[in-house]
Amino acid sequence: MAKEQEEKTLESVNQSNLLQLDFEVSIFDLFKHYFQVRLRVKTHEPEMTFCLPCWTPGSYMIRDYATHLHKFEVKNSKTDEPVFWEMVDLHRWKLKNLPNEFEISYIIYAFEDFTVRTNYLETEFGFINPPALFLYPEGKLEQSSSIQFQVSNQFPFVYSSLTRSENDSHLFFAENFDELFDSPFHLSKQNSVFFTAGTTKHELLIEGDVNFDFKTKLALDLKRITETQIEWMMESPNPYYLFVLNLSLPAYGGLEHKASSINYFNPELISDEEEYKKLLELLSHEYFHLWNIKRIRPIALGPFDYQKPNLTRELWIAEGFTSFYDAYFLYHSGFLSKEDYLSKLQSDIFALEDNEADFWMSLEESSFTAWTKYYKRNGNSHNITVSYYTKGGVIALCMNLFLLKESKERKTIRHVFHKLNEVFVKTKKRGFTKQEFFDTIKEVTGVDLKTEFNEYLESPKPIPIDYYLDFIGIQRIQTDMVGETGFKTKEKNGNLYIQKLLHKSDMDSLDLMLDDEILAINGKRATSNTLQKLEKNLRPGEKFHLILSRAGKIKESMITASGYYKTKKFVIAEDCTEDRKELREFFLRNIV
């Protein structure tokens, strides 16, 4: 009797905790860009709170997705009577006196912006970024759900990495909300292509007007890149991976997910060979996130709180190392020549040195404040904000070179990532701390990278890049010092306006403001040709005179030119020592 009673009690508990969530997504108005969402709920709870996320993992800014949620309603599924609800803050709806079965419905406006992190709906395709569309029950992120699409009249294909029903290609299942929010949906009229790399079946969906030959070429090129990365990590973590590439509008960007990536690129550029390499670099970058951030990650980046920032000082690992390896994998996959690759390294270094933000912001601050500084740009951001992508990639290069030199080419970052994957992903099933990252490097290689590089992480201080490049016999050449105005302009209706101001230590503070109109330069009417002539002949320390219009008032300003090297590049030194040549050949020949 006791056992029977225990089973009945357990059955009763299970029924009382019953929660079933079934989403239905349809198109409310295609031309007005509205999705409609119905959420059918079965529960025994008398009240529940539902939330819409404020941000998307991988894009570190509060975006207030609830801005685009409208016509929120709740009704009893059996009687159609309304159910009481109230908004308790800008992203949360509290429901009371609930029946066992009820339905929430709402409209989402999907035309805010054409990005990888926002919903978008038009006549040719639809894109759903799940955190911007799906409510979740507060405190129940572990809850499973189904997602049914009623869109076949407009879009015959729905692409996603979620598990799909065998009987209905428009029905998907998510084990929990973390999986749902990490699995975008692309609604399309386009067919996809497939390829296999390692043990992973890859699907490539290209949105836009491209021919089948281009799809086939890109699939074959991606096969080479993904095989290189899989070989580097010595595993295929996914049985399936989805690439979505949108070539319908001029845009650039990508966002990583655990079993997919969403990528946007300008369709007008894909026939240009150099631009096509940039596309491959973007896809290489997002694919490497399959490991570095979606599995091997700083400890703060999961599990997520979708209502407030998950702050970390280690985005220089998550994004910086990925930014170093994206082009490095292209080089080792045969898409970049040695000269191409060195040119890529050079452009990243010069981009970092193009301003003096290194003296304003550390790499760790860049990561920690990404939410309010890196992702919220203003007219002065280029002077004071360090990119954890660019500087993170440069420090990853320097760490690699130092590690190769100190370990006598025996151990590389590759071995470190294998260990991080084994310990933190597969065994501890969590992210790592900064100290654990450096402890793992020392354990695997015997080299103390923290002592060598920590000051460039914690302090606003430039990395001595030339010192580390000298390890492999690469040297900087700088010649032809010329003058620099200290500002950049934009032309509008034939008139010149200040668009960007450059703050440098050898430059006086300028009495210039953004959007000042330049009327005259050295007494002559200002035109783009006048400015180009000035810039061409300007010398460091030379003064020039501007007449400006600011807020309707005429002003004069005398500017003293600063200096910069017109010709600068990194070159391979053939007369360097044999040990430098050997290290250089190892770095360029072996995938470290």
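**Briefing on a predicted protein chain**

The protein chain contains 16 helices and 28 strands, where helices (H or I, at least four residues) and strands (E, at least two) are DSSP runs numbered from the N terminus. This is a predicted model, in which local features need pLDDT of at least 70 and side-chain atom pairs count only at pLDDT 80 or more, while totals for chains, interfaces and linings use all residues. Residues are numbered from 1 along each chain as its sequence is written, and side-chain values use heavy atoms, with hydrogens and water left out.

**Overall dimensions and packing**

- Along the principal axes, the C-alpha atoms of the protein chain fill a box of roughly 95 × 65 × 50 Å.
- Of the 592 residues in the protein chain, 54% are buried, where buried means under 20% relative accessible area, exposed over 50%, and partly exposed in between (1.4 Å probe, protein chains only).
- Among contacts in the protein chain with a separation of 6 or more, 68% are between residues 24 or more positions apart, a contact being heavy atoms within 4.5 Å.

**Surface and charge**

- The protein chain exposes about 26,800 Å², of which carbon and sulfur atoms supply 48%; accessible areas come from the Shrake-Rupley method with a 1.4 Å probe, and for residues only the protein chains shown count as cover.
- There are 72 positive and 88 negative side chains in the protein chain, and the centres of the two sets lie 3 Å apart; Lys and Arg count as positive and Asp and Glu as negative, whereas His and the chain ends are not counted, and the place of a charge is taken as NZ of Lys, CZ of Arg, CG of Asp or CD of Glu.

**Backbone details in loops**

- G302 and P303 are joined by a cis peptide bond with omega of about -10°, and P303 belongs to the loop between α4 (273-288) and α5 (315-332).
- D64, a residue other than glycine, has a positive phi near 50°; D64 sits in the loop between β3 (48-51) and β4 (69-76) and is partly exposed, with a relative accessible area of 31%.
- N97, which is not a glycine, has a positive phi of about 55°; N97 lies in the loop between β6 (92-95) and β7 (101-109) and counts as exposed at 71% relative accessibility.

**Surroundings of S144**

- S144 is placed in the loop between β10 (136-137) and β11 (145-150) and counts as partly exposed at 37% relative accessibility.
- Leaving aside neighbours within four places in sequence, S144 is in contact with L21, A174, E175 and N176; S144 and L21 are 123 residues apart in sequence and 7.2 Å apart in space, C-alpha to C-alpha.
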